[in-house]
Amino acid sequence: MNEYMSVLEAHLTDANLRKLLTIPNKSVHKFIADTIELCDPMKVFICDDSRMDVEYIRKTAIARGEETPLAIPTHTVHFDGLHDQARDKEQTTYLVPEGETLGDQLNQMDRKKGLEKVQERLKGSMENKKMVVRFFCLGPRDSVFSIPVIQITDSFYVAHSEDLLYRRGYDYFRRLPEDAEIFQMLHSSGKLMHSVSIDWQNRGVAIDYKENTVYSFNTQYAGNSIGLKKLSLRLAIRKADREGWLAEHMFLMSVQGPNERKTYMTGAFPSGCGKTSTSMIPGCTIVGDDLAYIKNIEGVATAANAERGIFGIIRSVSSKGDPVIWAVLNSHEPAIFSNVLVSYDGIPYWLEDGRDAPNRGINFSGDWFEGKKDANGEDIPLAHKNARYTIGLEGLPNVDKTLEDPNGVEVGAVIYGGRDADTWVPVQQSFDWAHGVITMGASLESESTAATLGPSGIRKFQAFSNMDFISIPLGKYIQNHLDFASSLTEAPKIFSVNYFQRDENGQFLTDKADKRVWLQWMDLRVHGDAKARKTPTGFIPLFEDLQNLFREHLEKEYSQDQYEEQFMIRVPELLAKLDRIEKEYRDYVSDAPDILYNLIDDQRSRLIQAQTEYGDCIKPSVFSIE
Ligand code: OXD
Ligand code: MN
């Protein structure tokens, strides 16, 4: 008998031990035994994914007050209190073994010291609590995309959310070979009051990539606590680096083109910048809204969704702007709402939902009434800006039928987009793969949003929309992207989009629904069915093509004036952006590849030449058609 078996026998009931021991993997037993010794739970529950066990988790989340039922019986609400409402980037740290560095941009500390801190924070953290152990699979099961993940948590809300968001993996774990690579997630909410983590000043996420283990403590906000989401993404990026594929903060969706053809597209937008709403555009089908794995399979860029659900921002979801999401949230599909306002009759409301909200109810501050102030005298809004919904994908009318396809789907286009008031046009195509990787992916900037702590609306460098999760030096990550295409028979086309362009009065230049047209244009370009104008920064659509697409897909008249304003090349702003990006790389990214500087220089020269010929603001119609 190995040494951890005695710990397991002492702490697990016979029934739970039996469930665990049908999984033969010793590293699984060790992780559970070590956690028991560290966190000292009162009881341990092993979930075998049976209906009974899964239902037990949901019911216990309710019984413990971590969730409260809503008027629709398959819906619940969860609250995270006043101080635990977003990803805490400052307190998310990589534990780096001696002699290694991840570069100047990433938050890191010495592994040994970090592990000591983790032990301190987690010691005894599950006293008087039940510890839940769950098994999942990232990516479709039994596929080249599959990554087994074990989650230990003392939060039934976390265990329940993961049930909606991830593929169950108990049976999959039973089949794993002894040497399988497994991601290990350990979460504790710490001390609770009214089911909310109160020791948030000591919260943190520590990524021990050497052992494929992530620790999360004194927090319950899903972005910090759900091991399979961003915590696993950080490990997946390292695994992808070792194995030659890409783990990305991207949606995966299908756009239907002429003659019912389907073009799969992945899109990287920073949190809160339209990723979910793009993947839910009417007329298109969704494979995933947040995490895509992209592999070279026999020369074809092939992708799968790591997840099977959505943890979406609910602010501004309305029946008019997001009819598909709206219908799902009003149906009987299981859902967990978080940090919304709940009326006394159990109806959830959120900011900008297009309804008249009640003037009192329950929200993340407890009992709420209009005019309620926080400790600083600021108004507490009826719902948090980062309020969310958690749903599974399989119940959606627009789910793509390849969601569980172990073979994944062929990627036709890769899209990069940020919250950008004044530089990029609504849509453009890069000249080639390297131009797209460098001047779009690696040059992405975006205004910060409520998905992370700190002020919103500040323009930040957000390379590949993945800066919060990149776990290898940035130059290496860029080089991996450049190399990825070299052994593909045909690389996907790369596009950038910008839904957040504004005029000088701060008004948005495009409508929320217009993104459908940008995607339909990309479909045409992927298949060589549309010409384009060649600007210094990329290929842009012809007015006539957009006019037709607006008519066909949105029944809207698109005018030449709109086109000229939206697709105007704003040279001074674009040059300033190139300078900012170059400075960022020169100052902070010592391993940036030379090609990055070369392509930035080329783009600058093209812009300056166009400026000399046509001035600062250049009408799209001057550029030649190709
Ligand atoms: C998310 C995020 O929740 O990126 O997906 O913050
Ligand atoms: Mn995300």
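Author: The buried residues of helix α12 are Trp433, Ala434, His435, Gly436, Val437, Ile438, Thr439, Met440 and Gly441. This is a predicted model, in which local features need pLDDT of at least 70 and side-chain atom pairs pLDDT 80 or more, while totals for chains, interfaces and linings use all residues. Residues are numbered from 1 along each chain as its sequence is written, chains are lettered from A and ligands numbered from 1 in the order in which they are written, and side-chain values use heavy atoms, without hydrogens and water.

Reader: Why is helix α12 described as largely enclosed?

Author: Buried means under 20% relative accessible area, exposed means over 50%, and partly exposed lies in between (1.4 Å probe, protein chains only). Nine of the nine residues of α12 (residues 433-441) are buried, so the rest of the structure largely encloses this helix. Those residues pack against β27 (409-417), β28 (427-429), α13 (474-484), β31 (493-497) and α18 (594-614). Helices (H or I, at least four residues) and strands (E, at least two) are DSSP runs numbered from the N terminus.

Reader: What caps the N-terminal end of α12?

Author: Asp432 does, with a side-chain oxygen 3.2 Å from the backbone nitrogen of Ala434.

Reader: Why is Lys230 called buried?

Author: Its relative accessibility is 5%, and Lys230 therefore counts as buried. Lys230 lies in helix α9 (residues 227-243). Residues up to four places away in sequence aside, it touches Arg87, Gly223, His249, Asp290, Leu291 and Phe469, where contact means heavy atoms within 4.5 Å.

Reader: Which side chain makes a polar contact with that of Asp579?

Author: The side chain of Arg604 does, at 3.1 Å. A polar contact is a pair of N or O atoms within 3.5 Å; within protein, one must be able to donate a hydrogen and the other to accept it, and residues adjacent in sequence count only if both atoms are side-chain atoms. Asp579 is in helix α17 (residues 571-588) and, at 42% relative accessibility, counts as partly exposed.

Reader: How many disulfides does a search of the whole structure find?

Author: The search finds zero, a disulfide being a pair of cysteine sulfur atoms within 2.5 Å. The sulfur of Cys273 has its closest cysteine sulfur, in Cys284, at 19 Å, which is too far for a bond. Cys273 is buried, at 2% relative accessible area, whereas Cys617 is partly exposed at 47%.

Reader: What makes the protein chain as compact as a globular protein of its length?

Author: The chain has 18 helices and 35 strands. Its radius of gyration is 24 Å, close to the 25 Å that the globule rule gives for 626 residues, so the chain is as compact as a globular protein of that length. The radius is taken over C-alpha atoms, and the rule is 2.2 Å times the number of residues to the power 0.38. Of the 626 residues, 62% count as buried.
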